[in-house]
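Take a first walk through this structure.

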Amino acid sequence: MSDTQTQGGGAGFDLSQFHGVFFEEAGENLANMETLLLALVEGSTDDEALNAIFRCAHSIKGGAATFGFRDVADLTHVMETLLDKLRRHELTVTTGMIDTLLESGDVLGHLLARHQGGGGGPFDCAELVARIGALTHGSAAAPPQPPAAAAPVHAETAAPAPASAVPSGGRVLDVEIGPMDEPSMADHLVELFAEIPGLGTIEPTDGGRADEQRVRRFRVATAAPDGELLDLFSFHVAREQVRIVALVDASAPGPATAPAPAAPAAPAAAASVAAAPAPAPAPAAADSAGYGFFDDSPGAPPAEVIAAPPAPPPEPAAAARAATVAPPQRAAKPERAATGTGNLEQSTIRVPIEKVDQLINLVGELVITQAMLAQTGRTLDPVVHQTMTTGLSDLERYVRLLQEAVMAIRMIPMAVVFNRFPRMLRDLASRLGKQVELHTIGEDTELDKGLIEKITDPLTHLVRNAADHGIEPPQDRIAAGKPAVGTVTLAAAHQGGSIVIEVRDDGRGLNRAKLLRKAAERGLPAHDGMTDSEAYSLIFEPGFSTASEVTDVSGRGVGMDVVKRNITALGGSVEIASTEGQGMRVSVRLPLTLAIMDGMSVGVAQETYIVPLASVVESIHLSADDVKSVGGSGRVVEVRNEYLPIVALDELFEVPRVAERDATGIMIVIEAEGGRVALLVDELIGQHQVVVKNLEANYRKVPGVSGATILGDGRVALILDVSWLVRRARH
Amino acid sequence: MRSILAVDDSASMRQMVSFTLRSSGYEVIEAVDGQDALDKIDDRQVDLVLTDQNMPRMDGLTLIRQLRVQDRFKRTPILVLTTESSDEMKQAGRSAGATGWLVKPFDPARLLEVIRKVLPQ
């Protein structure tokens, strides 16, 4: 938290204790803002949406300023200024604004992540801030301006504007800036005036050089009020370093200067605008302290209390100096309810994930203890020990319920993943020149947090693929009699103990003949007798690509194989269905949690191993004749016209044997990453749920083993890494 | 024990304000917006209201007006927490019936300072 300055030590409070809540809240506001921005279109006049977006930025700004995150507060401040003009309909929404605000949201996410100690280097927001400023102040084009490329403007070269050239209704001001660490930063102000048409003129009066106090001086002719100038100047220099003195004021009726419309947000942003010999303000104020009371208002303290002691940091002069009080036009209009912020009333508590994981571990231990007791209980005579056996079966039931309840804590809705796609598709579609609409179904479907994190990348790839390779360009779609706008649908639903996530598109679909031809060209085992499903699965083969041109969006056909591998590693599976010309559907099936797994326990000599049930295809009794030797020591077995490599677990794990193994054995066919192998074992013990323990964390990584579990009798059983076994046997 | 109604849609601000006030011996009723405040306060009396301005559903000024029409809140100090200290804002606060304002951001010390002024010990 390098940029964090925590204020407020004065009352003995450590504000950093509230940072966690602030970050969570800012994250929610950012996500909310993005959703709302994505729903905006050019020229949008949806007051509810505009107010809600404004409030998101406003809320982040308030918190950031309070908790000392200056960069976040500064960026949200300029966003807020733009959004305020939009919600007041002083400006009209443009695509450029939406894009810039979305980009700003990304930058805010980056800044917040840095403050939370996340990675990423420092980020210079100056260019972005300048762009937002240009949009706010009506310079529509707003090209990104690389400061280095801009010609440095010095007093010697700049054409001095005559002091008489006062814009209509305008003023001539002396502006002092400093003391500055980098006085040359003030030259950016000259560029600012060059970029914003109608702002007025600026010329250095110090010959382009700072004085010994490192203060720079300018003369400005402008119609803009002080507040607006300060907003603009603060893109480049700190507000508190700016002093504005009016020389000529054609805008004010009397000698007083025009009041600044808005006060700065942060205390550090308190502008000491030395402009105004101000008459006393209407409200009785202790405003220099950052608060005040209306003198005759209900509940106001007696007069002697009102006079607050002068606070050391000079606070916004805007209020203290205002002579003319505007009638309260806007205040009378209550704001309407927000959209997209409807979850405020949920009664939730935030708990660190470690606490939940600890709970899950303890429940895991409990499950194991219960299994041990159950095993012992079976040896008891149910007639003699009736109370005991009843108690044990109750225990089993409640442990199961407890386990489910605890696992449910880690469950979070798929919306967390789905929410990232509207933005991604929008960017993608505009890059590809396509029109794509996203539909989501079943966002409320819940999945374990760990799985959600791991499924995000594969899903991202599938969605990207659907937009890139699936959805056709608008003209092709119209020619095919489809709507110009393509649809990508994300759907999630629970099915038994699994979740099924589908990525569907109504694009061109897969061409079976083309797939098979491509596969043959690539030397992949493809033939006309394949089922459609098998043929479609070819796209999961490493190095396979159906796009005739490689695009920078979906890459070169690497990817789908990685998608499948990642999903398999999570104990899941992928299936493809497609109708040419009508689209394609990729279904991902995942277990609901990684902490518990359905396994098949197998005996090898004295040892027990667990095979993930999801990867078991079948088990077959094997006679010695079925086994054929190939090459040196390799053995294969023929199963349904396919020769499968044999992996003898006792040899692989060097399990000591008391007696020689029978010539016959039991073979379990397992499948992973599109390949099958036959595992040779001594016996099938049974199927049950096992609590997965991380072997790496407790011991070290062992090839061929993905984890461990504790059996009912207290012994440890290793869980086989099916993907590793298949890879090893086939390559 | 003096009770304070603290209304803000930002959870972190609410937490900061409540923590500060509770540590100083006040009872705090939290609300997430004007409507929530009216619901929570029900038939209770509070000694002070602190409300944010810009909130969903019901903003701070509307809340103040709704409170001031009730007899029991006629004389209750109500402070507006605001990021703007412009005269326009102040005038709006004044006509809605606010007692005063406190500019955001503020730190706990300043919050307690202003509260001690309207709620003398």
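Two residues are in contact if their C-beta atoms, placed from the backbone, lie within 7 Å. In chain B, residues 24 or more positions apart account for 56% of the contacts with a separation of 6 or more.

This is a predicted model: local features need pLDDT of at least 70, side-chain atom pairs count only at pLDDT 80 or more, and totals for chains, interfaces and linings use all residues. Residues are numbered from 1 along each chain as its sequence is written, while chains are lettered from A and ligands numbered from 1 in the order in which they are written.

Stay with chain B. It has 5 helices and 5 strands. Helices (H or I, at least four residues) and strands (E, at least two) are DSSP runs, numbered from the N terminus. Along the sequence, the pattern of chain B is β-α-β-α-β-α-β-α-β-α. Of its 121 residues, 68% are buried. Buried means that 20 or more other C-beta atoms lie within 10 Å of the residue's own, with C-beta atoms placed from the backbone.

Now turn to chain A. One open sheet has 5 strands in the order β8-β10-β11-β13-β12, with mixed pairing. Two strands pair if DSSP finds at least two bridges between them. The edge strands are β8 (436-441) and β12 (573-579) of chain A, and each pairs on one side only. From one strand to the next, the twist averages 15°. Axes are lines fitted to C-alpha atoms, for helices over the stretch in contact, and angles run from 0 to 180 degrees between N-to-C directions.

β12(A) and β13(A) (residues 583-591) run antiparallel and are joined by 7 bridges. There, A:Ile576 stands opposite A:Val586. Helix α13(A) (residues 421-432) lies across β8(A) and β10(A), at about 165° to β8(A).

Antiparallel strands β23(A) and β24(A) are joined by 5 bridges. A:Ala708 has A:Leu718 as its bridge partner.

Where do the helices α1(A) and α1(B) stand to each other? Their axes come within 8 Å and cross at roughly 160°. α1(A) and α1(B) are therefore roughly antiparallel (over 145 degrees). The contact is made by A:Val21, A:Phe22 and A:Glu25 with B:Ala11, B:Ser12 and B:Gln15.

Technical notes:
A residue is buried if 20 or more other C-beta atoms lie within 10 Å of its own, exposed if 12 or fewer, and partly exposed in between; C-beta atoms are placed from the backbone. Angles under 35 degrees count as roughly parallel, over 145 as roughly antiparallel, 65 to 115 as roughly perpendicular and the rest as oblique.
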